[in-house]
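Subject: Structure handover

Hello,

Please find the structure below. My notes on what was found in it follow directly after.

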Amino acid sequence: MRARVAHIASNTFREAVRDRVLYNLIAFAVLLSGAAILVGQISIDIEKLVVINLGLTAVSLFGLVIAIFIGIGLVSKEIEKRTLYTVLSRPVRRWEFIVGKFFGLAGTLVVNTFFMAIGVFAALFYVSHKFVRADALILVALYFIVLEFLIICSLALLFSSFSSPLLSAVFAFSLFVIGSFAEDLRGFAGMAHGFTRWLATGAAYLVPNFSAFNVIGSVAHEQPVAAQLIWHNTLYALFYAAMVLSGAVLIFEHRNLK
Amino acid sequence: MNAIEILGLEKTYRVGFWAKRTKRALHPLHLAVEEGEIFGFLGPNGAGKTTTLKLLMGLVFPTAGSARILERDWINPEVKAQIGFLPEQPYFYDHLTAHELLKYYAQLSGVPAKERSRRVEATLQRVGLKDIHGVQLRKFSKGMLQRVGIAQAILHDPKVVFFDEPMSGLDPMGRREVRDLMEELKHEGKTVFLSTHILSDAEALCDRVAIIHKGELRGVGAVADLTSSVQGKVEVIWQGPQIPAFMKALGAECHITGDTVRTIIDENQQDAAVDALRRERLRLIALTPVRTSLEAYFVEKLQYAETSAGRTA
């Protein structure tokens, strides 16, 4: 059972790599190198702040685009091209297929993030010529970005299990935007009354709270991240992704593959 | 023992924007396929053949009914390890090579790790794919992809193999090879379920056939039985090119090919025809009853269905 999930995950990873997804790393490296050189020339004293902000935001956006654009086609493309027929006619359970696809995409994003992180640290070294202890905080910000990716992967997979790639992309991206303002939504819910309050509170807790994962600003200012937040975000991301993935499995288990 | 037992499988789809209308793709289907036979599942396009196969593979869920494969519930994963399936016009992960694809399928089918490479190589050879190392499937022709499809269906040495239009995209040589392969599978004791609309393939290969039309089963039987009904005519072939006066008197149409002559006459005139050939000192080559072809049986079943539907309307 675990072996089948691993084989599906590994095939998904290989597909992403051969689809030249990781070529975006070259674009990322060029962008960061150019930015580091430019920042080194025009900024005084804040080069490091700008490079960290720019670098981590780029890691997050590049990963988001990859997660959504691969994730939305993971199931629907397999149905459309009928590659799924020769997989599900074997002793493969439908949930194994979904979970395998999730781990394959998550693995692609982790590898992608690892290489982009090397780019961020290289650009940082270029502008500051040394590393200090506070730079380790960048790793926490990267960890939070990876946790965000897990949630986005599961959402893209959920939408892909019942919708077309285009609609899935719209849904996933909309949820990312709404989730980035989840704290504001919660604040609004607290101020509203009656049915609106009930509705806003429900929506605020249903959408993924991506704002809690964004520590790029504080990391750039070398402000420490509370250990409690690390635990909270880890448990939240794993729980949220597991719930969404269960939803995807539930839908896919009952879907007719016409 | 029955290798496949279909127990009233039925499929109705909900169609339209609000899914309020229904469309019946398959009426309750009852069918049994014996172990070790090549069973033909025949029907025109859109008859319900692919729906039946999708139901058996667990790709779509039945509205009612069930099935048993190798005497176990058909959706049991252990049963799936014993079956092979070639979908119609198969499409594979085109970023993989044929070796990588088959290795992936071998992993999913539970082929032991130490056997995989040998099995993949042997299966590719068996379906006639050579010198394809390092070539991604996106560069394969339609016929080559069909061979890959057949390879993935038999790779894990299944006991029952389902083929949906396996000759599609193959050249005459390829079709011949696939026919031979199916015969080999039969001799190895495997059950072959062949869904096709090419009747000559079915007639040449199958032990028994079922005919399906508009989602309904129209007839089942052994090919030999279905084609054995003598129409009261015999075919006479002799060495010519002379045509005896008796034959001319019968008004039978004689076809001369090289130095042989062929004609069809009424069965009750066959003795007189043979006597006439003897008198003229012509050598009789063959005297065979005219049998109904599978095609004639198929057309008759379909026409009967259309007529019945017309009467009911």
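Of the 313 residues in chain B, 38% are buried. A residue is called buried if 20 or more other C-beta atoms lie within 10 Å of its own, exposed if 12 or fewer do, and partly exposed in between, with C-beta atoms placed from the backbone. Please note that this is a predicted model, in which local features need pLDDT of at least 70 and side-chain atom pairs count only at pLDDT 80 or more, while totals for chains, interfaces and linings use all residues. Residues are numbered from 1 along each chain as its sequence is written, and chains are lettered from A and ligands numbered from 1 in the order in which they are written.

Chain B contains eleven helices and 14 strands. Helices (H or I, at least four residues) and strands (E, at least two) are DSSP runs, numbered from the N terminus. The C-alpha trace of chain B spans about 75 × 55 × 40 Å along its principal axes. Two residues are in contact if their C-beta atoms, placed from the backbone, lie within 7 Å. Of the contacts in chain B with a separation of 6 or more, 70% are between residues 24 or more positions apart.

Helix 1 of chain B (residues 49–56) is largely enclosed by the rest of the structure, because eight of its eight residues are buried. Among them are Lys49(B), Lys54(B) and Leu56(B). Just after this helix, Gly58(B) has a positive phi of about 75 degrees.

Now to chain A. Its mean pLDDT is 88, and 98% of its residues reach 70 or more; pLDDT is the predictor's confidence in each residue, from 0 to 100. Among the elements of chain A, the lowest mean pLDDT, 74, belongs to helix 2 (residues 24–42), and the highest, 96, to helix 12.

The buried residues of helix 12 of chain A include Asn233(A), Leu245(A) and Phe252(A). Helix 6 (94–128) and helix 7 (137–160) of chain A are among what covers the buried residues of helix 12.

Finally, the two chains touch: 21 residues from chain A and 23 residues from chain B take part in the contact. On the chain A side, helix 1 gives the most, with five residues.

Regards
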